[in-house]
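I opened this notebook to record what I looked up in the structure, one topic at a time.

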Amino acid sequence: MFKIDKVSNRISPIESKSFAELGFRERDHLQEWLANQPDAFGEDLLIIQKEFAGFEDTRERLDLLALDKDGNLVIIENKLDDSGRDVTWQALKYASYCSSLNKKQILKIYQDYLDRHLIGEFVASESLCEFLEVLDLDEVVLNSGNTQRLILVAANYRKEVTSTALWLLSHGIQVQCFKVTPYAMNLDNVSSKDLFLNVEQIVPPLEVEELMISMSEKNNEEKSTRKEIKNRHIVRSQFWAQALPEIKKSNFNFFDNQSITNNARIRGKAYHAGVYYGVTFLQKQIRIEIILKHSNEEVNKKLFDALITQKDTIEDVYGSLLEWHRKDGQKASRIQDNYDFDGLDKDKWSEVIQLIIVKLELFERAVAPCFDKLKISV
């Protein structure tokens, strides 16, 4: 591998090195790099724990535990310059230990990780919803069946490891092997600017991975999950079919262009670009909200900060306290009011719909004067 110098029109060699030569260690370096940059694996992964040791009757620790976008647990085992011959057996043991973890346990594991390793106040359930792009964790199944995935990381792989990985793939176990290679140049004066890391998937080959994964997912998909999601979509469609005509007959006209949907949330554009009214229908809750979701995160935060200066006035007009979620580090912000109810109890729907209408009109009466005063360019 060579570095191109456009100015001199020359190339300079970049030499592959071992981690040991460069003084890097597995836990202090490789593990930290991957924990803080999990997209090095070519996909969105959410690290939920490091050095996880929550296994009964054993002191073993897995290096990194993650979730993928489908809610599957991902066991990540790192080795430095040599994979060793037993890494696949080690990873399989960890996968078997993790296979029994339920949603409540996963949330606790992730909350422990957030509390220990990240600065600030983070709520595991909210961060997980953001990652999975859902409104309610009841919407998803975490760690379903035998869908646990294995990712092995090493600079060099023994033949027995890659052979075992390929055999596991042929039997529906999702396993990937990544080769990590450190590179250096200007070896007489090596600094952090002279070091590079290449992360390359070698098993399965990328050109066949998509086909293999899609076949495995199809074969392992749970019928009960499909039925549950289908039923929720039906219930939502029925609720909005009853609610929307009533809302549109009211004095609140921001949902006039909204059609019946099977989504959990309906929303209508209001005031500034990127500002919406929303109503979210969840299994155990109704949420009425103002959503600040401009493409520019800075605009969202400015709007939120301007509104929260009028918090007391807004809540006085609204008639009760609201929840104010600035969501630092996330693009959108939200102001909301929640009402607990059983979404499957259709006898309560008429009552809840009237409550929604009253609260939307109060929300509009409370915030409209504030928006009229805002001078924020969007």
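**Entry 1: helix 3.** How many residues does helix 3 have, and how far does helix 3 reach from its first C-alpha to its last? I am working from a predicted model, and I keep that in mind throughout. I found that helix 3, residues 87-98, has 12 residues and reaches 16 Å between its first and last C-alpha, which is close to the 16 Å expected at 1.5 Å a residue. I then listed its buried residues, which are V87, T88, A91, K93, Y94, A95 and C98. Looking for what covers these buried residues, I noted that the cover includes strand 5 (62-67), strand 6 (73-78), strand 7 (149-154) and helix 6 (159-170).

**Entry 2: helix 2.** I asked the corresponding question of helix 2: which of its residues are buried? In helix 2, residues 26-36, the buried residues are H29, L30, Q31, L34 and A35. Their cover includes helix 1 (19-22), strand 4 (46-52), strand 5, strand 6, strand 7 and strand 8 (174-184).

**Entry 3: the chain as a whole.** I stepped back to the totals and noted 11 helices and 14 strands in the secondary structure of the chain. Of its 378 residues, 45% count as buried. I also looked up the contacts with a separation of 6 or more, and residues 24 or more positions apart account for 60% of them. The accessible surface of the chain comes to about 20,700 Å², and 48% of this surface belongs to carbon and sulfur atoms.

**Entry 4: L128 in helix 5.** Is L128 buried or exposed? I recorded L128 as lying in helix 5, and L128 counts as buried because its relative accessibility is 1%, under the 20% cut-off. Leaving aside residues up to four places away in sequence, L128 touches L46, L67, L107, Y110, L137 and L142. I also noted that the C-alpha atoms of L128 and I48 are separated by 9.5 Å, although the two residues are 80 residues apart along the chain.

**Entry 5: the largest pocket.** Helix 5 (124-132), strand 12 (285-292), strand 13 (323-325) and strand 14 (333-340) each supply at least two residues of the lining. By residue class, the lining of the largest pocket divides into 7 nonpolar, 6 polar and 14 charged.

**Entry 6: the cavity.** The volume of the largest cavity is about 120 Å³. I listed its lining as D136, D138, E139, R232, V235, R236, F281, L282, Q283, G343 and L344. Helix 8 (residues 223-249) contributes the largest share of that lining, 3 residues, and the lining as a whole divides into 4 nonpolar, 2 polar and 5 charged residues.

**Entry 7: G343.** I followed one of the lining residues of the cavity, G343, to the loop between strand 14 and helix 11 (349-373). G343 counts as buried because its relative accessibility is 1%. Not counting residues up to four places away in sequence, G343 touches V235, F281, L282, Q283 and W349. The C-alpha atoms of G343 and K284, which are 59 residues apart along the chain, are separated by 5.6 Å.

**Entry 8: backbone details in loops.** Where is P204 found? P204 is in the loop between strand 9 (195-203) and helix 7 (206-220), and the peptide bond from V203 to P204 is cis, with omega near -10 degrees. I also noted E133, in the loop between helix 5 and strand 7, where phi is near 60 degrees, a positive value in a residue other than glycine. E133 counts as exposed because its relative accessibility is 66%, over the 50% cut-off. K327, in the loop between strand 13 and strand 14, likewise has phi near 60 degrees, a positive value in a residue other than glycine. K327 counts as buried, however, because its relative accessibility is 14%.

Conventions
Residues numbered from 1 in each chain as written. Predicted model: local features only at pLDDT ≥ 70, side-chain atom pairs only at ≥ 80, totals over all residues. Heavy atoms only, no water. Helix = DSSP H or I, 4+ residues; strand = E, 2+ residues; numbered from the N terminus. Expected span 1.5 Å × (residues − 1). Buried < 20%, exposed > 50% of the residue type's maximum accessible area, 1.4 Å probe, protein only. Contact = heavy atoms within 4.5 Å. Areas by Shrake-Rupley, 256 points an atom, 1.4 Å probe, with all protein chains shown as cover. 1 Å grid on protein atoms, 1.4 Å probe; cavity = no way out; pocket = protein on both sides within 12 Å on 5 of 7 lines; lining within 4 Å. Points joined across faces, edges and corners; volume = space filled by probe spheres on them. Nonpolar A, V, L, I, M, F, W, Y, C, P; charged D, E, K, R; others polar.
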